[in-house]
Amino acid sequence: MNPIYERPRDGRKAGTVKATVAVTVRSARAEDGAAILAIRNHAIEHSTALWTETPQTPAEGALWLAAHLERGSAFVAEAGGEVVGFAVYGPWRQYDGYRHTVENSVYVREGRHGLGVGSALMAVLVDAAREAGHHVMIAGIESGNEASVRLHERFGFRVVGVIPEVGTKFGRWLDLTLMRLAL
């Protein structure tokens with residue numbers, strides 16, 4: 001079983017925790033696009049993690065992934081030779097003054113939740129953003145997604161605000177929890 005490297009909340013050097021599934025996290029490649037798209041589209045169709053009801057086409061998914069590949073900000077988790085999750089970070093806002101702040105996204109394939117995949121991805125993602133010289137990582141999480149909030153808290157993210165009813169999906173209003181991590 002591969003260990004997962006998780007950075008403690010106080011920012012000390014990463015330690016080791018045991019996963020319940022052997023996971024390898026690596027930089028994403030263009031050929032991972034179909035697997036990533038399948039995970040994204042499942043989240044679009046079945047969850048409030050992405051606030052759209054329109055699945056991405058393969059061409060849209062390829063363009064989205066290409067931007068992250070160009071920045072070096074996309075990672076996948078593999079277990080048994082299968083992509084079981086992905087994580088990316090990208091600009092939080094487009095204005096120049098926000099250039100040192102990034103926003104993250106971590107997604108795990110259906111049926112692989114609770115096995116340490118998200119933690120493995122988050123550890124690599126946070127370290128990569130830090131090494132790239134970013135200053136702050138933001139997470140915008142649908143407030144009812146308690147598992148995602150807890151995952152982010154384990155990595156030192158803190159809730160900095162909740163914005164009520166700023167999105168809608170599946171016929172209901174959604175609240176947005178904003179979390180922040182100083183890198």
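Hi everyone, let's start in a loop: Thr48 is found between α1 and α2, where helices (H or I, at least four residues) and strands (E, at least two) are DSSP runs, numbered from the N terminus. Before I go on, a word on the source: this is a predicted model, so local features need pLDDT of at least 70, side-chain atom pairs count only at pLDDT 80 or more, and totals for chains, interfaces and linings use all residues. Residues are numbered from 1 along each chain as its sequence is written, and side-chain values use heavy atoms, with hydrogens and water left out.

Back to Thr48, then. Is it buried or exposed? Thr48 counts as buried because its relative accessibility is 11%; buried means under 20% relative accessible area, exposed over 50%, and partly exposed in between, with a 1.4 Å probe and protein chains only. Its side chain joins that of Glu142 in a polar contact of 3.1 Å. By polar contact I mean a pair of N or O atoms within 3.5 Å; within protein, one must be able to donate a hydrogen and the other to accept it, and residues adjacent in sequence count only if both atoms are side-chain atoms. Leaving out residues up to four places away in sequence, Thr48 touches Glu142, Lys169, Phe170, Arg172 and Leu174, contact being heavy atoms within 4.5 Å.

Thr52 lies in that loop between α1 (33-46) and α2 (58-71) too. Thr52 has 31% relative accessibility, so it counts as partly exposed. Which residues does Thr52 touch, not counting those up to four places away in sequence? They are Ile44 and Lys169. Thr52 and Lys169 are 117 residues apart in sequence, yet 7.0 Å apart in space, C-alpha to C-alpha. The side chain of Thr52 also reaches the backbone nitrogen of Thr54, at 3.2 Å.

The axes of α1 and α2 come within 10 Å and cross at roughly 105°; axes are lines fitted to C-alpha atoms, for helices over the stretch in contact, and angles run from 0 to 180 degrees between N-to-C directions. That makes α1 roughly perpendicular to α2, since angles of 65 to 115 degrees get that label, with under 35 roughly parallel, over 145 roughly antiparallel and the rest oblique. On the α1 side, the contact is made by Gly33, Ile36, Leu37 and Arg40, and on the α2 side by Pro58, Gly61, Trp64 and Leu65.

Let's zoom out. The chain has four helices and nine strands, following the pattern β-β-β-α-α-β-β-β-α-β-α-β-β along the sequence. Of its 183 residues, 42% count as buried. Among contacts between residues at least 6 apart in sequence, 59% join residues at least 24 apart.

On to the sheet. Seven strands form an open sheet with mixed pairing, in the order β3-β4-β5-β6-β7-β9-β8; two strands pair if DSSP finds at least two bridges between them. β3 (24-27) and β8 (158-169) stand at the edges with a single partner strand each, so one side of each is left without a neighbour in the sheet. Neighbouring strands are turned by 25° against each other on average, direction ignored.

Inside the sheet, β6 (residues 101-108) and β7 (residues 136-142) pair in the parallel sense over three bridges, and Val102 has Met137 of β7 as its bridge partner. Helix α3 (residues 117-131) packs on the sheet, touching β3, β4 (74-79), β5 (82-91), β6, β7 and β9 (172-182), and its direction makes about 160° with that of β6. Helix α4 (residues 146-154) packs on the sheet as well, touching β6, β7, β8 and β9, at about 160° to the direction of β7. As for β7, six of its seven residues are buried.

At the other end, β8 and β9 run antiparallel, joined by eight bridges, one of which pairs Ile163 with Leu176 in β9. Their hairpin has two residues between the strands, and there Phe170 takes a positive phi near 55°. Phe170 counts as partly exposed because its relative accessibility is 42%. Glu165, which lies in β8, has a positive phi of about 50° although it is not a glycine.

Finally, confidence. The chain averages a pLDDT of 90, and 89% of the residues score at least 70; pLDDT is the predictor's confidence in each residue, from 0 to 100. Where is pLDDT under 50? Over residues 1-18, for which the model has 41 contacts beyond four places in sequence. Where pLDDT is low, the predicted coordinates should not be read in detail. Thanks, everyone!
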